[in-house]
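Here's a quick briefing on how some pieces of one chain sit against each other. Have the viewer open while you read.

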Amino acid sequence: MTDREARERARKLRFFRLLGIVFLMMIFLLSFLRLVWPRKAYSAQERRTLTQFPEMTTENLRNGTFTNAMEDYLADQFPARNVWVYLDDLRGRIMGEKYSQGVYRSGSSYLIEEFKRTDDNRAAKTTKAVMDYLREYPDISAYFMLVPNASWILKDKLPGGAPIDSEEDWYTSWSQEVKNANLSNLKVISLAPTFAEEAAQGKQIYYRTDHHWTTYGAYVGAKELAAQMGLAFEEQNWKKVEVHNRFQGTLMSKSGFYSRTADTIELYLPDPDVASVTAYKEQQKTLPGLYSSEGLTGDDPYEVFFGGNYPWLNISTKAKTNRKLLIFKDSYANAMIGFLCPFFSEIHVVDPRYYTGDIRTLTASAGITDICFLYNIKTYYEDASLSLILEGGEADE
Amino acid sequence: MGEQWDIEKRRQLYIWAFQAVALTALFAFVWFIAHEKKYKEVDVPQLVADMSTITQDEWHAEDNLSLKRRFGLAANDFAAVGYFGPNSNMDAAELLLVRVKDKSHTDAVVEAMKNRVAYQCTCFDGYGEDQMALLKDARYLTRGYYVFLIISSDASSVEREFLKQIEP
Amino acid sequence: MNNHYKKLMRKAFHLILGAIGFFLFVTLLYVIAVSGKKPVKAGVDIVKDIESQNVPALLQAIRQKDVTEIDVTVPTTEEPVYSVPEKTTEEATMPVTVPEITEGDVTEPADEPATQAPVEPTTEPPTQAPTVPIPTEPPLTVKQIKIMDFQEEWNEKLDLNDVRNLTNEEQQQIHAMFMNTIFFGDSMTQAIGDYGFIDMSQVIYKRSASVDALIEKIPEVAAVYPERVVIFVGLNNCNYYKTPEDFVTAFTALVQKLREQIPGVTLYVSSLLPPSDVLGSTRADLVRAPMYDALLNHTANMLGVNYIDSKWIVRQQNYLKDGIHMNRTFYRVWFRYLQLLMGPNL
Amino acid sequence: MVFSSMTYLFVFLPMVLLAYFIAPPQARNMVLLAFSLIFYAWGEPVYIFLMLMSITVNYVFGRIISNNRANHSRYAKLNLGIAVGWNLLALGIFKYYPFVSSQLRGIGLKFIPGMKLILPIGISFYTFQAISYLVDVYRNKIRVQRGFLKFALYISMFPQLIAGPIVRYDDVEKQLSKRKVTLAMFGNGGEYFLRGLIKKVLLANQLGALYVQIESLGAAHASVLTAWLGAFAYTFQIYFDFSGYSDMAIGLGKMFGFRFPKNFDYPYTATSITSFWRRWHISLSSWFREYVYIPLGGKRVSPRKHVRNILIVWLLTGFWHGAGWNFMLWGLYYGILLLLEKYVVHDRISRHPWPGRILTFLLVTIGWMFFVHTDFSEMLTYVGHMFGVGCTFANATTGYFLRTGLLVLLLGMFFSTPIFHRLNEQFAVKYYTTSIAIRIVMFMLCIAALVYQSYNPFLYFRF
């Protein structure tokens with residue numbers, strides 16, 4: 001063995017020895033930290049409860065539940081879990097990854113949720129249920145507003161060529177379905193042209209890190225809806241109030257794409273004020289106004305509107321009218337209902353995902369004069385609960 | 001010479017026995033594994049309706065909205081659902097059979113069932129002893145894709161009948 | 001050699017420290033990324049201002065505007081108007097005038113011997129007579145005649161066990177009428193919601209609760225700001241309150257607390273129903289039920305609470321197995337009766 | 001349990017390391033065996049009985065064969081037959097019965113009972129190890145193992161238990177009795193393990209995500225180039241997945257003093273299909289050569305028989321990878337390619353390494369598309385897309401995947417060449433602190449990726 005070879009060998013040995021020591025240290029250090037790290041019950045970032053140490057029963061051991069739960073437990077309770085998630089996000093950013101958990105990362109700091117046409121029948125079923133329901137009330141004026149999502153209006157901001165399905169195509173076929181139903185008392189409000197115009201002018205219609213529309217977006221939507229409803233919307237003044245300027249929303253949580261990107265949440269308060277009271281029917285609480293400071297300061301500040309989604313709200317207002325509105329809605333509507341308050345004496349807000357009462361009894365007994373279906377396209381397309389409550393429960397028998 | 005032959009023969013006998021045991025053990029094991037895993041697909045609502053007649057409990061078939069109201073479960077998340085609920089607020093007997101689409105849903109269903117029973121317990125606690133007895137004896141069965149909640153005055157019979165029905 | 005390992009250990013140690021440093025750096029980046037997720041203080045204050053408005057005052061303003069600012073055309077009283085949307089706004093104000101009507105007219109005279117009802121209450125119609133006020137004064141009011149007609153009609157149906165379920169229309173009328181009413185009580189009340197006569201959101205109950213226990217639930221009732229509260233309690237009180245005085249005291253306290261916490265509320269209380277004959281013969285403590293009911297009636301009248309006599313609806317076959325609670329048939333008539341008494345048609 | 005899991009890295013591994021190095025040398029086999037059985041039982045506990053049964057049966061038959069080999073060779077052969085039959089039966093029932101019975105029921109033979117069996121982990125690997133042991137004992141190539149514990153350890157040793165390499169008994173015979181671990185050897189094992197972990201977690205998983213995205217594209221977004229991108233992603237994914245796993249196994253073996261044979265030798269740089277299979281999953285292809293191909297006569301027979309032999313071997317190789325027609329098709333595909341290479345192309349290509357390399361790589365890529373699609377219509381659609389059936393050459397979506405996936409594909413390409421490893425080694429020797437720092441960061445990135453896998457936000461509904 002020459003000198004040089006011997007030196008090389010010694011260096012190699014040194015490298016492996018050092019690596020051995022470091023490897024052991026890493027494994028044992030992390031294992032130790034994992035052992036002593038305090039357990040957490042809830043992750044505000046992911047908005048779910050974290051797995052706890054699994055129950056060890058013979059049944060669990062036998063069928064593999066225990067071992068699966070163990071892996072979940074270890075990952076959920078890993079020391080500084082959120083930082084690791086962030087580190088992986090950094091890696092993904094370097095690698096040029098643009099997609100995670102159904103969310104695309106765009107260049108202009110927008111996170112945009114994908115739209116996938118997985119099952120057209122589900123939405124068709126919902127639409128049919130809505131039409132059948134409305135047909136029973138020919139004297140009530142009905143409005144149908146499906147709000148386009150960011151993946152339609154802001155499709156230029158998506159990473160080029162991202163393989164999402166076109167909301168526009170689906171919406172066109174849906175419009176046709178509604179037209180074929182031929183209901184004289186139903187008006188459909190299409191927002192896409194207006195939104196496209198607004199977006200072109202640089203107005204912010206969607207939150208950058210949340211799947212909802214901004215209050216401004218809701219304002220534009222309300223204006224269109226009000227025009228169809230025949231409301232004196234233009235005469236109403238609104239006072240803008242900024243309530244949050246570091247809003248990081250659900251899309252950031254969902255994708256794990258963390259950055260300093262933040263949004264502003266505004267409230268538009270009627271000026272002069274219109275007194276209103278919200279009865280949370282199933283919660284058996286009646287509260288003043290439409291807003292929740294608890295929601296605003298909580299994990300999801302969008303919950304400033306009503307404090308979240310509830311099965312059935314009944315808003316009474318001091319508006320000088322006897323029109324009463326029934327809204328079937330998803331969370332998009334939360335930001336918009338405030339714009340309708342000055343024009344209706346009562347608004348019943350039903351969230352079909354949670355509502356379990358008899359919708360026909362409600363419709364007939366509450367003296368409803370107007371019905372509005374207000375959804376964003378993605379939820380409407382994916383959610384089956386609306387047809388469930390409209391069909392009165394025997395949908396699947 | 002003869003003795004050695006005998007030993008040889010005995011050894012061969014042992015080997016023969018071992019071969020037989022090895023094969024039998026393998027088949028027995030396969031039978032054990034395969035036997036355990038298989039459940040029949042049945043008409044769930046019909047099965048529940050049949051089982052509801054086993055006991056004299058006061059219950060009746062419920063719709064999907066009651067399922068959503070009481071358990072927070074949406075029927076269309078599952079392959080099939082059969083639900084019998086109490087006739088009046090003084091009855092506690094219930095049967096809920098769910099066939100899940102995916103076994104990972106099982107836990108969530110059992111969780112919802114447990115919540116329902118816990119809620120019912122708060123209703124009857126210190127009040128309806130008979131009802132509490134039923135609720136204490138509530139059974140949660142998970143077999144294959146089936147999840148079954150039994151709250152009944154004769155839970156054992158219902159359980160036995162259910163297992164008989166899904167076992168091939 | 002030893003030295004060699006020492007050197008390696010030191011180096012490894014430094015490397016691990018470096019790794020920790022790197023991790024802390026990432027932590028810092030993360031904290032910067034998600035830091036300051038706080039709402040604007042001024043905004044929170046505004047929201048809190050809105051939240052701190054006084055609900056009763058707001059409600060009063062909202063309910064008043066209907067009367068003062070919208071033209072009211074009085075509907076014809078013969079037909080139920082609840083399914084006609086345009087006319088309902090003014091209907092909402094009608095109940096305010098109801099208390100005067102029901103008070104005194106509907107309630108039983110306290111000295112009426114209520115004890116006889118449970119002894120043999122339902123076997124023959126004549127025993128029902130005491131429950132219908134037979135005024136000695138000759139002019140019967142329209143209301144009284146209506147009530148008598150109603151009782152006659154439904155007594156017959158109850159005896160024949162021919163009480164049909166509420167039609168959708170009736171259901172909707174009831175729903176509309178009790179929009180701003182809370183049903184408050186124990187399991188007797190719970191059944192209202194469970195049987196589906198009224199949406200659960202209108203029902204607040206605590207099973208097996210005594211009147212004392214209900215007092216603790218008053219804040220929950222108050223949170224809804226109802227216009228009317230219907231109290232319906234059962235036999236728990238007979239064995240909970242050892243003396244009649246205790247019961248009266250408790251009920252008085254309940255009424256006072258309700259009025260205190262829900263200003264302007266109109267209160268109704270339904271009879272304390274007797275146990276079934278079978279149960280009554282075995283449970284000594286329940287024999288007092290009619291006496292307690294009479295006391296309830298009396299106290300209610302004293303306090304200006306509308307007492308609704310519902311004992312006439314009781315039939316033996318409508319008891320559940322426990323001999324305390326009633327089945328759907330009872331509630332079907334009970335609700336129709338309530339609708340008559342509390343509704344605007346009277 | 002897999003190596004790239006939290007349970008393994010931060011519970012099992014530290015425990016086994018502690019127990020192993022604290023235990024006195026004579027107890028170490030016991031420790032390893034105990035942990036191996038726990039490791040095996042982790043996923044599907046009942047199958048521990050199958051494992052124990054297999055160990056016992058093979059141990060006893062090994063003894064019977066070796067006792068009778070000299071004097072009663074026919075009897076030994078009979079027992080060999082029974083033992084091999086037993087192993088194949090176990091493998092056949094658990095791996096192939098559900099498939100075969102469903103196929104037979106599909107053609108109308110309804111009396112055959114269908115069974116749903118969960119495949120016992122690693123059964124294909126340890127069954128083959130057992131068979132090689134029995135045959136080698138019979139052939140007198142190795143001495144029979146008299147120690148039950150050692151034999152049990154040979155069959156069930158956790159590093160190579162669930163995904164190979166298929167270790168031949170004579171490779172580890174000495175180490176089962178006596179082995180030594182130095183710090184440098186341990187570090188060397190750590191190097192292998194980390195390399196494997198990085199391959200699996202940082203490369204294979206990301207490439208897999210890319211492939212899944214492309215695979216699930218609707219017809220509206222598909223194009224020729226995208227399909228090829230997806231196919232390349234899968235080609236690299238399966239390599240990094242499998243070779244990463246082998247690396248981790250080899251590394252772990254080294255940490256406990258075992259030297260397992262190498263399983264991959266830069267297969268994607270092969271210049272011909274023949275050479276590809278000498279570099280891909282070496283322990284499997286050599287097993288088939290030794291125990292199937294050569295006993296059938298190898299290539300020292302008439303060309304017709306040779307063709308038969310090759311086709312049999314490759315059908316079996318295909319079928320070994322899974323119970324499905326597509327795996328057979330995949331095996332057959334290689335059988336035909338190899339025959340073409342032997343009888344038509346000869347060594348013409350080996351004179352031109354680069355065209356050969358590229359052609360081989362493309363053929364292998366196409367092969368993987370047979371391998372991955374169990375559904376024939378999906379396979380046809382996908383392969384059709386690769387050759388322009390029913391779609392355009394490129395579209396906007398292609399651009400999207402090029403932008404988001406190109407870097408990881410290039411990294412994959414670089415990582416699968418020997419150049420990278422040579423550079424890596426030189427760098428490690430020259431700047432050893434830096435290169436260890438790099439490894440630490442990579443390890444941390446692996447952990448981050450593993451934690452992120454469980455990142456599962458729950459936003460809209462509480463189910």
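Helix axes here are lines fitted to C-alpha atoms over the stretch in contact, and angles run from 0 to 180 degrees between N-to-C directions. Keep in mind that this is a predicted model: local features need pLDDT of at least 70, side-chain atom pairs count only at pLDDT 80 or more, and totals for chains, interfaces and linings use all residues. Residues are numbered from 1 along each chain as its sequence is written, while chains are lettered from A and ligands numbered from 1 in the order in which they are written.

**A helix pair**

- Helix H14 (325–345) and helix H15 (353–372) of chain D have axes that come within 8 Å and cross at roughly 155°; helices are DSSP runs of H or I, at least four residues, numbered from the N terminus.
- H14(D) is therefore roughly antiparallel to H15(D), a label for angles over 145 degrees.
- On the H14(D) side, the contact (C-beta atoms, placed from the backbone, within 7 Å) includes D:Trp330 and D:Tyr333, and H15(D) brings residues including D:Phe370 and D:Phe371.
- That contact divides into 9 nonpolar, 2 polar and no charged residues; Ala, Val, Leu, Ile, Met, Phe, Trp, Tyr, Cys and Pro count as nonpolar, Asp, Glu, Lys and Arg as charged, and the others, Gly among them, as polar.

**Two domains**

- Chain D is split into domain 1 (6–179) and domain 2 (185–452), with bounds from an automatic or database domain assignment.
- The centres of these two domains of chain D, taken over C-alpha atoms, are 26 Å apart.
- Contacts link 22 residues of domain 1 of chain D to 20 residues of domain 2 of chain D.
- On the side of domain 1 that touches domain 2 in chain D, H5(D) gives the most, with 5 residues.

Technical notes:
Contact = placed C-beta atoms within 7 Å. Helix = DSSP H or I, 4+ residues; strand = E, 2+ residues; numbered from the N terminus. Parallel < 35°, antiparallel > 145°, perpendicular 65-115°, else oblique.
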